[in-house]
Amino acid sequence: MASICDLYFSTIARIVVGLVLLWAAAAKLRRRDDLPDWLTAYGLPARYARETAWAVMAAEAVVGLLLILGVAMPFPAYAAVALGVVFLAALGQARLRGVERLRCGCFGASEGKTDHLLIRAGAFTALALGLAWSILRVP
């Protein structure tokens, strides 16, 4: 049986993860013309960059909104984990190729050290995993 702490954690985590995803989508939307170029820095072929940019923005916005509204659970929690894992993989392969600075587009246009972006993406993914796990425990 789930405790009141599990319920509070899942609610808070759901809202925080949802807000982070909505914020990331809004930031990318503001810089939508630059995002395809940023994605090519991760190794994505330029011919797929524009469509991928729109797909990422749409996925973040839809999953974020569903999380905040608490609709269609647990799908959005699992989707948030998937988004985090994909971003971690993209950052990891870029770092392994020797890329030391990247723009993620998540919270504005600033460029960050790839190692710092990996830590931030790891923290987001850990929170999303915690949310997904807590949903299994909370009826």
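# Questions on a predicted model

Colleague: In which helix is Arg-14 found?
Modeller: This is a predicted model, in which local features need pLDDT of at least 70 and side-chain atom pairs pLDDT 80 or more, while totals for chains, interfaces and linings use all residues. Residues are numbered from 1 along each chain as its sequence is written, and side-chain values use heavy atoms, without hydrogens and water. Helices (H or I, at least four residues) and strands (E, at least two) are DSSP runs numbered from the N terminus. On that basis Arg-14 is found in helix α1.

Colleague: Does Arg-14 count as buried, partly exposed or exposed?
Modeller: Buried means under 20% relative accessible area, exposed means over 50%, and partly exposed lies in between (1.4 Å probe, protein chains only). The relative accessible area of Arg-14 is 17%, so Arg-14 is buried.

Colleague: Which residue has its backbone oxygen 3.0 Å from a polar side-chain atom of Arg-14?
Modeller: A polar contact is a pair of N or O atoms within 3.5 Å; within protein, one must be able to donate a hydrogen and the other to accept it, and residues adjacent in sequence count only if both atoms are side-chain atoms. For the side chain of Arg-14, the backbone oxygen at 3.0 Å belongs to Ile-68.

Colleague: How many salt bridges are there?
Modeller: A salt bridge is a side-chain nitrogen of Lys or Arg within 4 Å of a carboxyl oxygen of Asp or Glu. By this rule the count is three.

Colleague: Which residue forms a salt bridge with Asp-115?
Modeller: The closest N and O atoms of this pair are 3.0 Å apart, and the residue facing Asp-115 is Arg-95. The pair links distant parts of the chain, with Asp-115 in helix α5 and Arg-95 in helix α4, 20 residues apart. Asp-115 is partly exposed at 40% relative accessibility.

Colleague: How far apart are the closest N and O atoms in the salt bridge between Arg-31 and Asp-34?
Modeller: Arg-31 is partly exposed, with a relative accessible area of 32%. Asp-34 is partly exposed too, with 26%. Between Arg-31 and Asp-34, the closest N and O atoms are apart by 2.4 Å.

Colleague: What is the distance between the end C-alpha atoms of helix α3?
Modeller: Helix α3 takes in residues 46-69, which makes 24 residues.

Colleague: At which residue does α3 bend by about 30 degrees?
Modeller: The bend at a residue is the angle between axes fitted to the seven residues ending there and the seven starting there. In α3, an angle of about 30 degrees is found at Thr-52.

Colleague: Which residue with a positive phi follows α3?
Modeller: Buried residues of α3 include Ala-53, Met-57, Val-63 and Leu-67. After the helix, the phi is positive, near 70 degrees, at Gly-70.

Colleague: Which residue takes a positive phi just after α4?
Modeller: Helix α4 (residues 75-96) should span 32 Å with its 22 residues, and its end C-alpha atoms agree at 31 Å apart. Among its buried residues are Pro-76, Val-81, Gly-84 and Leu-91. Just after the helix, a positive phi of about 95 degrees is taken by Gly-98.

Colleague: Which residue has the backbone oxygen that the side chain of Thr-114 reaches?
Modeller: Thr-114 is in helix α5 (residues 114-137). With a relative accessible area of 0%, Thr-114 is buried. At 3.0 Å, its side chain reaches the backbone oxygen of Val-99.

Colleague: How far is Asp-33 from Ala-53 in space, C-alpha to C-alpha?
Modeller: Asp-33 sits in the loop between α1 and α2 (35-41). The residue is exposed, with a relative accessible area of 59%. Asp-33 and Ala-53 are 20 residues apart in sequence, and their C-alpha distance is 9.3 Å.

How values were computed. The expected span of a helix is 1.5 Å times one less than its number of residues.
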